Structure formats: structure tokens, C-alpha cells
Amino acid sequence: MDAFAKNIRARAEQLGMSNAEVAERLGLDPRRYGHYVTGRSEPDLATVVKIANVLKSSPNLLLGFELDSVNSRVSQLVATCKFLNDTQLDMLIDLAETTAKKSQP
């Protein structure tokens, strides 16, 4: 699970979250979460899913199953969209469609 430890550290850093903050949002003892971050222990599946939700990611991405850069970015975007309201989703869809149209020859 070295990939998992590396990926949760990197994702928390991207979000500007400390280990203590992630642990608090998960309802875990910071020391226990610290063991996941260092790879000293492995969480159960339910905890992996909770960690993915807190880090606005997907379990597959955190576990390192999505090696293709494009697929992992799409998965990350989809996971993040779950936290947006309808107005924000509509804005994001408009932005994506406009960007895609402009990038076509």
C-alpha cells in the first residue's frame, strides 16, 4: 500500500489539508491516520472510501489503480463534482463544453 500512502499525502497537500485536519474530518485518531500516511498500516475498505470522500478523490485513484493520467484526472474531477451544488455543476459543464469547442480544429 505504498502507493496509497503516497497518494493520500499528495492529495491532501493539493487540497492544502494537514494530516490532523484529514483525521478530524474522518473522525479518526490523528495517530491512526498518520499510520496510513506513512504506510505503517492499511485501512479497511470502508475507511478507504471515507478517506477518498474527504480528499475529494476516488478509491481507485488513491489506491493507484488508475495509472493513465487522463483517466485519473477525469476520475478526480468526477469525485470532486459530488461536492458541488447544481449551479456550480452547470457552470463547470459550460466551462468544459466551451473549452472543448475551442480546442477543436
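Author: Let us begin with a definition. A nonpolar core is a set of buried Ala, Val, Leu, Ile, Met, Phe, Trp, Tyr and Cys residues joined through side-chain atoms within 4.5 Å. Please note also that this is a predicted model.

Reader: Which residues of the largest nonpolar core touch the most other members?

Author: The general idea is that, in soluble globular proteins, nonpolar side chains tend to be buried together. Here the largest nonpolar core has 17 residues, and those touching the most other members are Ile8, Val22, Tyr33, Ile51 and Leu55. At least two residues of this core come from each of helix H1 (2-15), helix H2 (19-26), helix H3 (30-38) and helix H4 (45-54). H4 supplies the largest share, four residues. As for Ile51, apart from neighbours within four places in sequence, its contacts are Phe4, Ile8, Leu26, Tyr33, Tyr36, Pro43 and Leu62.

Reader: How many helices and strands does the protein chain have?

Author: The protein chain has seven helices and zero strands, and its pattern along the sequence is α-α-α-α-α-α-α. The C-alpha trace spans about 50 × 30 × 20 Å along its principal axes. Of the 105 residues, 28% count as buried. The chain exposes about 7,200 Å², of which carbon and sulfur atoms supply 53%. Taking contacts between residues at least 6 apart in sequence, 52% join residues at least 24 apart.

Reader: Is Ser57 buried or exposed?

Author: The cut-off to apply is that buried means under 20% relative accessible area. Ser57 has a relative accessible area of 5% and is therefore buried. By contrast, Lys56 has a value of 30%, and so is partly exposed. Ser57 also lies in the loop between H4 and H5. Leaving aside neighbours within four places in sequence, Ser57 is in contact with Arg11, Ala52, Leu62 and Ala79.

Reader: What distance should the 18 residues of helix H7 span?

Author: The expected span of a helix is 1.5 Å times one less than its number of residues. For helix H7 (residues 86-103) this gives 26 Å, and the end C-alpha atoms are 26 Å apart, which agrees. At the start of H7, a side-chain oxygen of Asn85 comes within 3.0 Å of the backbone nitrogen of Thr87.

Definitions and conventions. Residues numbered from 1 in each chain as written. Predicted model: local features only at pLDDT ≥ 70, side-chain atom pairs only at ≥ 80, totals over all residues. Heavy atoms only, no water. Polar contact = N/O pair within 3.5 Å; in protein donor to acceptor, adjacent residues only side chain to side chain. Buried < 20%, exposed > 50% of the residue type's maximum accessible area, 1.4 Å probe, protein only. Contact = heavy atoms within 4.5 Å. Areas by Shrake-Rupley, 256 points an atom, 1.4 Å probe, with all protein chains shown as cover.
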